[in-house]
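Welcome, and thanks for taking a look at this model with me. Please bring up the sequence and the structure side by side before reading on.

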Amino acid sequence: MGAGGPRRGAGPPDGGWGWVVLGACFVITGFAYGFPKAVSVFFRELKQDFGAGYSDTAWVSSIMLAMLYGTGPLSSILVTRFGCRRVMLAGGLLASAGMILASFASRLLELYLTAGVLTGLGLALNFQPSLIMLGLYFERRRPLANGLAAAGSPVFLSTLSPLGQLLGERFGWRGGFLLFGGLLLHCCACGAVMRPPPGPPPPPRPDPAEDHRAPSGGRARRRLLDVAVCTDRAFVVYVVTKFLMALGLFVPAILLVNYAKDAGVPDAEAAFLLSIVGFVDIVARPACGALAGLARLRPHVPYLFSLALLANGLTDLISARARTYGTLVAFCIAFGLSYGMVGALQFEVLMATVGAPRFPSALGLVLLVEAVAVLIGPPSAGRLVDALKNYEIIFYLAGSEVALAGVFMAVVTYCCLRGKDAPSGPAAAGGTSDTEDVEAERDSEPMPASTEEPGSLETLEVLRPRAGSPGPEPEVEAVPGLGHESRHQAGGQQA
């Protein structure tokens, strides 16, 4: 792919090795979202071995999820400093080592530190860089790529849980943890394929011994996390939307089985309801990604995301009084469809909102906010169920929060951000004639802009030489530590 010379206006390849990267993102997304839930099949044995209650053993999954979301800024800093491939390889080793060490645990505290902290951190160091690398390889087909990658979550969730049940019956929870640790080494294989996209080399860097004008470069080296993205109004709207969404989005899926049992549904049929949600989700995510990539819909993806949130919230509100198995199945189909749409569009909207250069820092901050919401929403819903013994109120509350998130984003985007709601990038409308847009966008930006986003990846800070430029006029300051990886991927970036 990198054999040919650089093409003027060349952007992300939208194919080629990108499909391999997409397959790796599919696997990583499946592990990140499915693994914390799959570990719960061992909780009964953990309760017996350690003499603990369900809430004590459930902290293993909770800590894992908290690390996955809460370490977003740390992951952004490490990606900026070392690059996606190195961070993912280290993350795969950490995730695997956590589960292997957990198989030798003699106390719950040791499980919290190994399976919870180490494995959760390893999954986080794989999840965020994989999304960043996906954005480097896809632009015109990015909605479809995000939808296909997001489909890894329901696929792995529906496979890892039965696999964990089988391993637990054959080898016990210790053998299951040990084998799961070996399975997580596939994250290293996924990290190994994350080579930078091809492109023209960056302009030559001045010799540090001869260049004494580098106050801005020094600032770029210090700012590994670009918190300046928080001044972007569109990003603030997205963060508020994600916070409201995370308060209620996951609650119905968590309480669905117990809600069905409380309504008199047999245990086996109640458990099958989650499988229905998963099957619909598997189809909905790539289908919604393909839909969002259409030329007429691509500029309006924020509104499509708002519609998905509103549909999910209304599904919860309408189905709060569902008591028969038929109505619960209908709820699962509608919920799985809207849930899949939300999952397919959430990161596409973020990429379109902040652009590729600031996406690593923005994603880290968004995951941190989502971690706070996840630690508030589902636990509060569980306490309300214990106190009120009523699931209807919980469904009304969760549905209202998600619907409010959808209405908030649509109204604020329409009233306050109407010139900024179209996806950024040369292929915003999904067309193929993007060279003129790239050049126009490049001409409209002041030259110093390339050195004013130090929190991004180095490859996203390198400004390609403009047509007719006599030499290395743009000043390029590199974030140390990315080395040759950034030099190869420099040409494929487009803010």
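The model is predicted, so local features need pLDDT of at least 70 and side-chain atom pairs count only at pLDDT 80 or more, while totals for chains, interfaces and linings use all residues. Residues are numbered from 1 along each chain as its sequence is written, and side-chain values use heavy atoms, leaving out hydrogens and water.

Let us start with the whole protein. It has 20 helices and zero strands; these are DSSP runs numbered from the N terminus, with helices being H or I of at least four residues and strands E of at least two. Of its 495 residues, 54% count as buried, where buried means under 20% relative accessible area, exposed over 50% and partly exposed in between, with a 1.4 Å probe and protein chains only. Contact here means heavy atoms within 4.5 Å. Among contacts between residues at least 6 apart in sequence, 86% join residues at least 24 apart.

Now for the helix pair. The axes of α8 (residues 152-183) and α13 (residues 267-292) come within 8 Å and cross at roughly 155 degrees. Those axes are lines fitted to C-alpha atoms over the stretch in contact, and angles run from 0 to 180 degrees between N-to-C directions. The crossing angle therefore makes α8 roughly antiparallel to α13, a label for angles over 145 degrees. On the α8 side the contact is made by S153, P154, V155 and S158, and on the α13 side by G278, D281, I282 and R285.

| Residue | Helix | Relative accessibility | Contacts beyond four places in sequence |
|---|---|---|---|
| D281 | α13 | 3% | P154, G336, Y339, G340 |
| G336 | α15 (residues 325-354) | 0% | V277, V280, D281, A284 |

D281 is buried, and its partners include both P154 and G336. G336 counts as buried too, because its relative accessibility is 0%. From G336 to V283 there are 53 residues in sequence but 9.3 Å in space, C-alpha to C-alpha.

Finally, how far apart are the end C-alpha atoms of α17 (residues 391-416)? They are 37 Å apart, which agrees with the 38 Å that its 26 residues should span at 1.5 Å a residue; the expected span is 1.5 Å times one less than the number of residues. N390 caps the N-terminal end of α17, with a side-chain oxygen 2.8 Å from the backbone nitrogen of E392.

Methods
A polar contact is a pair of N or O atoms within 3.5 Å; within protein, one must be able to donate a hydrogen and the other to accept it, and residues adjacent in sequence count only if both atoms are side-chain atoms. Angles under 35 degrees count as roughly parallel, over 145 as roughly antiparallel, 65 to 115 as roughly perpendicular and the rest as oblique.
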